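Dear colleague,

I am passing on the structure we spoke about, and below it you will find some notes on what came out of it. Please read them alongside the model.

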Amino acid sequence: MEFLHITVREMEEKDLPAVLEVENLCFKKPWEKKDFLYEMHENAYSNPWVIELGNNDESIVSVVGFCIYWQTFDSATICQIAVHPTLQRKQLGSVMMDEIITDCYAKKVQTLTLEVRKSNLKAINFYKKHGFNEVVVKPHYYEDGEDAIYMMRKVDLTF
Ligand SMILES: CC(C)(COP(=O)(O)OP(=O)(O)OC[C@H]1O[C@@H](n2cnc3c(N)ncnc32)[C@H](O)[C@@H]1OP(=O)(O)O)[C@@H](O)C(=O)NCCC(=O)NCCS
């Protein structure tokens, strides 16, 4: 099956089974349904989006990843970004990242930040590819004691 349409759009409740599948496959401490509902309906600073693949006549459409970023005034933080493991390294994460950066730029956000596990080398590479720099290590940031790397980039459209 060839997928021809890639769409990034706002997360809706109907997406949650697919979102939770990706979440459970990708993260050590996965969020629950209630956490995503909070981001969609209660957190005014949150932008929860999904990435969807569709075939030519849109008869098959699948949600295969998602991202959430929080915007507060002129700064924003990427809270989650994930692609289904079977579809990673096909530039889908990059499509979401480009959408985030474009949206931040339109909203006059100056800096985009995030935390990532020190051991998560593929994500660190992914963020570096998208112009993020390592700023500082946050020791024992995660519940299991792992350090986080705090990363940042300026929001412009040069990457
Ligand atoms: C991080 C993640 C979202 C990246 O999405 P993706 O669609 O697989 O990434 P892309 O295909 O857009 O990759 C873009 C670039 O990132 C880097 N990258 C991505 N995956 C990589 C890997 N496994 N190893 C090394 N570099 C990698 C490469 O520079 C790549 O460019 P290239 O393919 O031209 O070499 C995805 O790996 C993922 O869902 N991981 C699990 C969840 C997670 O850890 N999220 C981040 C939490 S902080």
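How far is the sulfur of Cys 26 from the closest cysteine sulfur, and in which residue does that sulfur lie? The closest one belongs to Cys 67 and is 13 Å away, which is too far for a bond, a disulfide being a pair of cysteine sulfur atoms within 2.5 Å. Cys 67 is in no disulfide either, since the nearest cysteine sulfur, that of Cys 104, is 10 Å away, and by this rule the count comes to 0 disulfides.

This is a predicted model, in which local features need pLDDT of at least 70 and side-chain atom pairs count only at pLDDT 80 or more, while totals for chains, interfaces and linings use all residues. Residues are numbered from 1 along each chain as its sequence is written, and side-chain values use heavy atoms, with hydrogens and water left out.

Cys 67 is buried at 0% relative accessibility, whereas Cys 26, at 27%, is partly exposed (buried means under 20% relative accessible area, exposed over 50%, partly exposed in between, with a 1.4 Å probe and protein chains only).

Asp 147, in the loop between strand 6 (133–138) and strand 7 (148–154), is also buried, with a relative accessible area of 18%. (Strands are DSSP runs of E, at least two residues, numbered from the N terminus.) The side chain of Asp 147 reaches the backbone nitrogen of His 140 at 2.9 Å, a polar contact being a pair of N or O atoms within 3.5 Å, one able to donate a hydrogen and the other to accept it.

Terms used. Helices (H or I, at least four residues) and strands (E, at least two) are DSSP runs, numbered from the N terminus.
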